[in-house]
Amino acid sequence: MNIAVVGMGIIGGSFCKAFKKYTDHYIIGINRTQSTLQQAFDCRAIDEMGNEESLSKADVVIMAVYPQATVEYIEKYGSYLKKGCIVTDSSGIKTEICPQMVALSKKFGFTFVGSHPMAGKETNGFSSADADLYRGASYIIVPCEADDSTVKILSDLAMEINFGQIKLSTPEEHDRMIAFTSQLPHVLACSYVLSPCCINHKGFSAGSYHDVSRVANINSKLWSELFIENREPLLKELDILIDNITKITDAINDKDIVRLQELLEQSHKTKEALGE
């Protein structure tokens with residue numbers, strides 16, 4: 001197939017590199033910054049340096065840009081898309097953008113399928129892209145109104161580049177779970193490193209510090225958009241976190257070692273039951 005990837009950051013760049021390493025698909029790269037596109041072409045991550053006119057020959061279009069930028073791009077260039085092509089996103093929110101993308105699919109005659117590759121790094125940009133970034137990772141597909149055959153095409157593509165599993169979801173379930181598994185840890189990490197102790201951690205820190213602080217090396221523009229657009233599920237998870245921290249705080253403050261041990265043991269048993 002002809003696959004167009006819009007956005008040559010770590011996500012889009014990794015898709016390109018993976019397709020070129022593991023498949024025979026023809027890869028068209030599209031990017032706002034031409035120097036990055038040239039870099040992708042020079043290292044053979046893409047077969048063609050494309051633009052909006054290149055969309056007309058793409059069987060599949062992977063949008064690897066910010067959530068609302070995905071909608072804005074299709075609004076602007078949707079008329080270039082080949083009728084019947086598949087368009088998918090790669091963003092960490094779905095409830096906010098899926099209805100907009102489905103409406104655009106009806107306007108321009110393409111099929112939209114939401115998706116979210118559950119992989120990444122703390123660094124950004126094409127230089128961080130990796131052909132094996134998705135190896136073993138979960139690929140979440142949100143079909144919206146797409147039929148089973150279209151979902152299978154996207155699922156097969158994901159498995160070709162070594163995703164470990166396909167997870168089907170609704171926009172609501174996706175956003176609720178991502179608030180817990182991804183967005184909440186980023187909030188926690190950012191809050192953690194805002195402590196005045198952080199600047200003096202070297203020599204005193206080991207695995208625990210690095211485990212908690214790792215994702216605080218954050219793309220503030222992207223994650224601010226994700227937090228705001230998924231605010232209701234995220235705020236619910238933050239309320240739960242604050243309540244749990246308060247319970248532990250109160251037990252420490254009251255020197256209630258029995259209650260504190262109960263709370264910590266409850267956490268231990270939860271992780272143990274998950275086999276993690």
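Which residues are exposed on the other side of α4? They are P99, K106 and K107, where exposed denotes over 50% relative accessible area, buried under 20%, and partly exposed in between (1.4 Å probe, protein chains only). The model is predicted, with local features requiring pLDDT of at least 70 and side-chain atom pairs pLDDT 80 or more, while totals for chains, interfaces and linings use all residues. Residues are numbered from 1 along each chain as its sequence is written, and side-chain values use heavy atoms, with hydrogens and water left out.

**Helix α4**

- Helices (H or I, at least four residues) and strands (E, at least two) are DSSP runs numbered from the N terminus.
- Within α4, the buried residues are C98, M101, V102, L104, S105 and F108. These lie on the same side of α4 because they cover an arc of only 160° around the axis, the arc being that of the directions from the helix axis to the C-beta atoms.
- An α-helix has 3.6 residues a turn, so residues three or four places apart point the same way.
- The packing partners of the buried α4 residues are α3 (67-77), β5 (86-88), β6 (111-117), β7 (138-142) and α6, with contact meaning heavy atoms within 4.5 Å.

**Nonpolar cores**

- A nonpolar core is a set of buried Ala, Val, Leu, Ile, Met, Phe, Trp, Tyr and Cys residues joined through side-chain atoms within 4.5 Å.
- The largest such core contains 35 residues, and V61, I74, V87 and F110 have the most contacts inside it. Helix α4 (residues 98-108) contributes the largest share of this core, 5 residues.
- Beyond its neighbours within four places in sequence, F110 contacts I74, L81, G84, C85, V87, M101, L104 and S105.
- A second, separate core comprises 33 residues, including C16, A129, I141 and F163.

**Residue I11**

- I11 is part of helix α1 and counts as buried because its relative accessibility is 18%.
- Apart from neighbours within four places in sequence, I11 is in contact with A64, S90, P117, A119, L133 and Y134. The C-alpha atoms of I11 and P117 are separated by 8.3 Å, although these residues are 106 residues apart along the chain.

**Cavity**

- On a 1 Å grid over the protein atoms alone, a cavity is a set of points where a 1.4 Å probe fits but cannot get out; a pocket is an open set with protein on both sides within 12 Å along at least five of seven lines; lining residues have an atom within 4 Å of a point.
- Grid points are joined across faces, edges and corners, and a volume is the space filled by probe spheres set on the points.
- There is 1 cavity of 30 Å³ or more, and the largest cavity has a volume of about 50 Å³.
- Its lining consists of F15, F19, I62, Y139, L154, L157, A158 and I161, which divide into 8 nonpolar, no polar and no charged residues. Nonpolar covers Ala, Val, Leu, Ile, Met, Phe, Trp, Tyr, Cys and Pro, charged covers Asp, Glu, Lys and Arg, and polar covers the others, Gly among them.
- α1 (10-22) and α5 (148-160) each supply at least two lining residues of the largest cavity, and α5 gives the most, with 3 residues.

**Second largest pocket**

- The second largest pocket has a volume of about 300 Å³. Of its 13 lining residues, D175, N230, R231, E232 and P233 are the closest to its centre.
- By class, this lining has 2 nonpolar, 2 polar and 9 charged residues.
- α6 (171-193) and α9 (231-253) each supply at least two residues of this lining, and α9 gives the most, with 6 residues.
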